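Me: I'd like to learn how to read a protein model feature by feature. Could you walk me through one?

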Amino acid sequence: IKKGTTEWERVASEAARTIPGRENGGNCDIKNLSRGSKIYLPVFVEGANLSTGDMHFSQGDGEVSFCGAIEMSGFLELKCEIIRNGMKEYLTPMGPTPLHVNPIFEIGPMEPRFSEWLVFEGISVDESGRQHYLDTTVSYKRAVLNAIDYLSKFGYSKEQMYLLLSCCPCEGRISGIVDAPNAVATLSIPTTIFDQDIRPKSSKVPAGPRLVRKPDVLRCSYDGNLPVTKNPGGAT
């Protein structure tokens with residue numbers, strides 16, 4: 001459709017951007033919405049269509065670096081069922097129109113299972129020291145920044161940790177929303193995804209993996225002589 005035409009103007013005025021999650025589902029990017037899940041989507045128009053996409057192999061809660069999950073190609077096998085008058089029976093609009101509802105879903109049985117976590121807390125006070133009243137976005141950002149800074153002490157770069165927290169199965173929580181003025185968010189990271197012990201100890205921070213830096217762009221082809229990352233603090 002050519003920009004500026006009547007049809008283009010019509011589509012531009014009606015179409016919804018595909019980036020955000022929406023009342024009808026949208027790009028929700030929910031870590032636990034995976035294999036074996038059930039999702040109950042509101043239907044707002046007669047003859048509505050259903051489409052899926054943007055599959056992730058692995059993702060952390062929040063996908064904090066925006067496109068930082070491990071993207072993948074694949075196919076979905078779906079079973080669909082219509083619940084007649086389901087919106088009227090189960091969903092109460094939290095606003096002035098019937099559009100003010102949201103999907104419901106059941107978590108599937110297939111998800112990463114971990115038993116040991118290191119949890120980072122964040123409160124709604126930003127980096128400049130300004131307090132934001134019960135702002136969970138600020139508190140979650142602080143939890144992420146605290147985790148990045150801490151993990152960078154173990155030999156990783158902050159850029160690596162930023163990307164890792166977006167694609168590893170970490171779990172984000174709104175842990176406190178009533179103790180004004182600070183909202184509290186937590187970010188839980190499974191400790192077993194690392195090749196070293198990242199827990200605090202009474203001794204010094206162990207020397208972790210060291211980055212191998214090269215002056216030029218790394219090649220993708222394997223020449224049989226790529227550097228091996230070793231942990232100087234590990235057992236010999």
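This is a predicted model: local features need pLDDT of at least 70, side-chain atom pairs count only at pLDDT 80 or more; totals for chains, interfaces and linings use all residues.

Me: Let's begin with the overall layout. How many helices and strands does the protein have?

Reply: There are four helices and nine strands. Along the sequence they follow the pattern α-β-β-β-β-β-α-β-β-α-α-β-β. Of the 236 residues, 26% count as buried. Among contacts with a separation of 6 or more, 63% join residues 24 or more positions apart.

Me: Now a strand. How do I read its two faces?

Reply: The general idea is that side chains in a regular strand alternate between the two faces of the sheet. Take strand 7, residues 117-123. Its covered face holds Leu118, Phe120 and Gly122, while Trp117, Val119, Glu121 and Ile123 make up the uncovered one.

Me: Which strand pairs with strand 7 over seven bridges, and is the sense parallel or antiparallel?

Reply: The partner is strand 9, and the pairing is antiparallel. To find your place in it, look at valine 119, which stands opposite serine 188 of strand 9.

Me: Next, a helix. Which residues of helix 4 are buried?

Reply: In helix 4 (residues 158-167), the buried residues are Met161, Leu165, Ser166 and Cys167. Their cover includes strand 4, strand 5 (70-71), helix 3 (136-151) and strand 9 (184-190).

Me: On to charges. What should I look for in a salt bridge?

Reply: Side chains of opposite charge can pair when their charged atoms come close. A search of the whole structure turns up 10 salt bridges.

Me: Why are glutamate 14 and arginine 10 separated by about one helical turn?

Reply: An α-helix has 3.6 residues a turn, so residues three or four places apart point the same way. Here, glutamate 14 and arginine 10 are about one helical turn apart because they lie four residues apart in helix 1 (residues 6-14). As for accessibility, glutamate 14 is exposed at 55% relative accessible area, whereas arginine 10 is partly exposed at 38%.

Me: Which residues form salt bridges with aspartate 149?

Reply: Lysine 153 is one partner, with an N to O distance of 3.7 Å. Lysine 158 is another, its closest N and O atoms with aspartate 149 being 3.5 Å apart. Each of these residues is partly exposed: aspartate 149 has a relative accessible area of 34%, lysine 153 has 46%, and lysine 158 has 44%.

Me: What about salt bridges that join up into a network?

Reply: Look at Lys31, Asp61, Glu171 and Arg173: salt bridges link them in a network.

Me: Finally, the surface. How should I read its nonpolar part?

Reply: Begin with the total and then look for patches. The protein exposes about 17,300 Å², and carbon and sulfur atoms supply 54% of that area. One nonpolar patch, of about 430 Å², is made by Ile39, Leu41, Leu50, Leu76 and Leu78.

Me: Where is leucine 50 placed, and is leucine 50 buried or exposed?

Reply: Leucine 50 sits in the loop between strand 3 (38-40) and strand 4 (56-58). Exposed means over 50% relative accessible area, and leucine 50 has 51%, so it counts as exposed.

Conventions
Residues are numbered from 1 along each chain as its sequence is written. Side-chain values use heavy atoms; hydrogens and water are left out. Patches are made of residues with over 30% relative accessible area and no salt bridge: like charges are joined within 9 Å, nonpolar side chains (Val, Leu, Ile, Met, Phe, Trp, Tyr) within 5 Å. Accessible areas come from the Shrake-Rupley method with a 1.4 Å probe; for residues, only the protein chains shown count as cover. A salt bridge is a side-chain nitrogen of Lys or Arg within 4 Å of a carboxyl oxygen of Asp or Glu. Helices (H or I, at least four residues) and strands (E, at least two) are DSSP runs, numbered from the N terminus. Buried means under 20% relative accessible area, exposed over 50%, partly exposed in between (1.4 Å probe, protein chains only). Contact means heavy atoms within 4.5 Å. Two strands pair if DSSP finds at least two bridges between them.
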